[in-house]
Amino acid sequence: YSEKEESPSKLNGKSKSRQHWSRWDNGSMSPMEKLEKQLQDRDAEVSKLKRDKEKLEGYTKQTLQIFQRKYFATTQDYKTKLREQTEKIQSLETELADYKVKAENVPLLSSPM
């Protein structure tokens with residue numbers, strides 16, 4: 001605040017005495033009191049928005065952590081299953097190759113009669 005302007009905390013102290021005297025003026029508010037009231041309302045709104053923002057950020061972080069844990073666990077499960085399937089495929093391919101070699105070495109059982 002500049003030297004000519006007063007901080008809101010200083011204005012709040014003055015507004016209390018003005019509000020006290022305004023009660024005797026049939027409830028009318030001076031322009032200064034209206035501005036102070038608007039400032040207080042905006043400060044309250046800003047505070048509420050900050051709280052809401054912090055809550056939302058906390059919820060977002062928590063949700064992200066849960067998602068990351070589940071994603072990591074699922075990824076590990078799929079990697080394990082993929083590894084098992086790959087090993088099974090390799091085992092079957094080895095068996096097939098052995099079977100083909102044995103089949104080539106077995107003479108045909110066709111006998112001329």
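Me: Is Leu64 buried, exposed or partly exposed?

Reply: Leu64 is partly exposed, at a relative accessible area of 47%. Buried means under 20% relative accessible area, exposed over 50%, and partly exposed in between (1.4 Å probe, protein chains only). Keep in mind that this is a predicted model, where local features need pLDDT of at least 70, side-chain atom pairs count only at pLDDT 80 or more, and totals for chains, interfaces and linings use all residues. Residues are numbered from 1 along each chain as its sequence is written, and side-chain values use heavy atoms, with hydrogens and water left out.

Me: Where does Leu64 sit, and how many helices does the protein chain have?

Reply: Helices (H or I, at least four residues) and strands (E, at least two) are DSSP runs, numbered from the N terminus. Here the protein chain has two helices and zero strands, and Leu64 lies in helix H2, residues 31-105.

Me: Which aromatic rings pair up, and why is the pair called stacked?

Reply: Rings of Phe, Tyr and Trp (its six-membered ring) pair if their centres lie within 6.5 Å; planes under 30 degrees apart are stacked, over 60 edge-to-face, and the rest tilted. That rule gives one aromatic pair. Phe67 and Tyr71 have ring centres 6.1 Å apart and planes at 20 degrees, so they're stacked. Being four residues apart in helix H2, they're separated by about one helical turn.

Me: Are Phe67 and Tyr71 buried or exposed?

Reply: Phe67 is exposed, with a relative accessible area of 53%, and Tyr71 counts as exposed at 53% too. Across the protein chain's 113 residues, 6% count as buried.
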